[in-house]
Amino acid sequence: MIDYLLLGVVCLLTGLRLIFNKLYADQYGAGLRSVYWFTALSCTVFVLCMLLVGTRPKATPFSLGVAAVFVVINLLCTYYGFAVIHVGNLSRYMLFLSLGGMVLPFLYGIFFNGDHLSVGRVLCLLLISAALLFGMDRSGQGSAKARFYYIMIFLLNGAACILLSLHQTNPAHLPAVGTAEFTVLYMTMLAGVGFLLVLALRLREGSATTPIRHGPDLLLSAGYGLFFGLGNYLTTLCLLHVEPSFQFPIVTGGSVVLSGLCGRLFGEKLGRAFLWSSVLVVLGTVAVLF
């Protein structure tokens with residue numbers, strides 16, 4: 001039971017971090033330097049908090065390799081996420097982010113992880129596929145560029161969730177670090193690569209770069225980092241006890257609904273396409289539960 005309560009907390013954390021993401025994007029834009037500065041700061045804050053509570057950095061070749069691939073995928077997903085928030089719709093961004101983190105791990109769990117296949121899970125996959133079609137509606141801010149970003153977010157977030165599951169299930173039984181240590185490992189790598197990218201961009205752009213006003217950036221990044229890191233940690237922890245094809249639908253259902261509520265805080269209208277997508281996702285979540 002505790003695992004399912006933690007999954008509910010993950011949904012809440014997803015909605016909260018989205019608010020910090022939106023506030024930062026509105027103030028600092030979606031330029032590369034702005035995006036990776038935000039990534040580096042947020043990850044640094046979370047790692048420092050984990051170190052303060054007693055987590056110590058550890059690494060094995062297997063954990064390090066998975067973390068490295070996860071970092072590359074996460075940096076790309078972060079960039080496209082900022083880009084689509086700048087030109088697209090917050091609720092639809094969250095819809096595709098959540099669906100990617102549901103559909104691909106679902107298929108991975110069934111076909112590669114030996115998860116139990118049931119009528120409810122098949123029905124869930126059909127319902128979320130229909131939700132994806134509704135999410136591709138061309139109304140509102142559905143420009144060609146935004147639709148491309150949505151698709152990339154879908155694929156990248158799904159791949160990132162599969163990597164987390166792969167590390168936790170460890171089918172080859174390779175030496176691996178614990179959940180907390182693995183979270184600190186890839187968050188540290190994200191922070192390091194983020195700072196290096198910011199430095200490289202600063203050297204390339206020189207005086208043409210618009211300076212970031214320090215202060216608000218740190219506060220917004222800290223809020224995002226705490227919710228993002230804790231949510232990822234709890235997600236990874238639950239994978240030790242909950243199958244991917246069961247866990248990610250639950251997280252998706254809650255996250256999609258919360259994203260719509262978060263979008264309302266910024267004056268976004270919940271269009272018919274998003275509402276239908278949300279209904280189908282929630283129905284899919286109910287189907288997989290039973």
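**Exercise 1.** What percentage of the 290 residues of the protein count as buried?

*Solution.* The structure is a predicted model, in which local features need pLDDT of at least 70 and side-chain atom pairs count only at pLDDT 80 or more, while totals for chains, interfaces and linings use all residues. Residues are numbered from 1 along each chain as its sequence is written, and side-chain values use heavy atoms, with hydrogens and water left out. Next comes the term itself: buried means under 20% relative accessible area, exposed means over 50%, and partly exposed lies in between, with a 1.4 Å probe and protein chains only. By this rule, 55% of the 290 residues of the protein are buried.

**Exercise 2.** Work out which secondary structure elements the protein has, and compare its radius of gyration with the globule rule.

*Solution.* Helices (H or I, at least four residues) and strands (E, at least two) are DSSP runs, numbered from the N terminus. The protein has 10 helices and zero strands. The radius of gyration is taken over C-alpha atoms, and the globule rule is 2.2 Å times the number of residues to the power 0.38. For 290 residues a compact globule would have a value near 19 Å, and the protein, with 18 Å, agrees with this.

**Exercise 3.** Check the span of helix α10 (residues 272-289) against its number of residues.

*Solution.* The expected span of a helix is 1.5 Å times one less than its number of residues. Helix α10 has 18 residues and should therefore span 26 Å, which agrees with the 26 Å between its end C-alpha atoms. Its buried residues include Phe274, Leu280 and Val288.

**Exercise 4.** Is Asn170 buried or exposed, and is His173 buried or exposed?

*Solution.* Asn170 lies in the loop between α6 and α7 (179-205), and His173 is placed in the loop between α6 and α7. Asn170 has a relative accessible area of 10% and is therefore buried, whereas His173, at 69% relative accessibility, counts as exposed. As for the backbone, phi is near 45° in Asn170, a positive value in a residue other than glycine, and phi of His173, near 55°, is also positive in a residue other than glycine.
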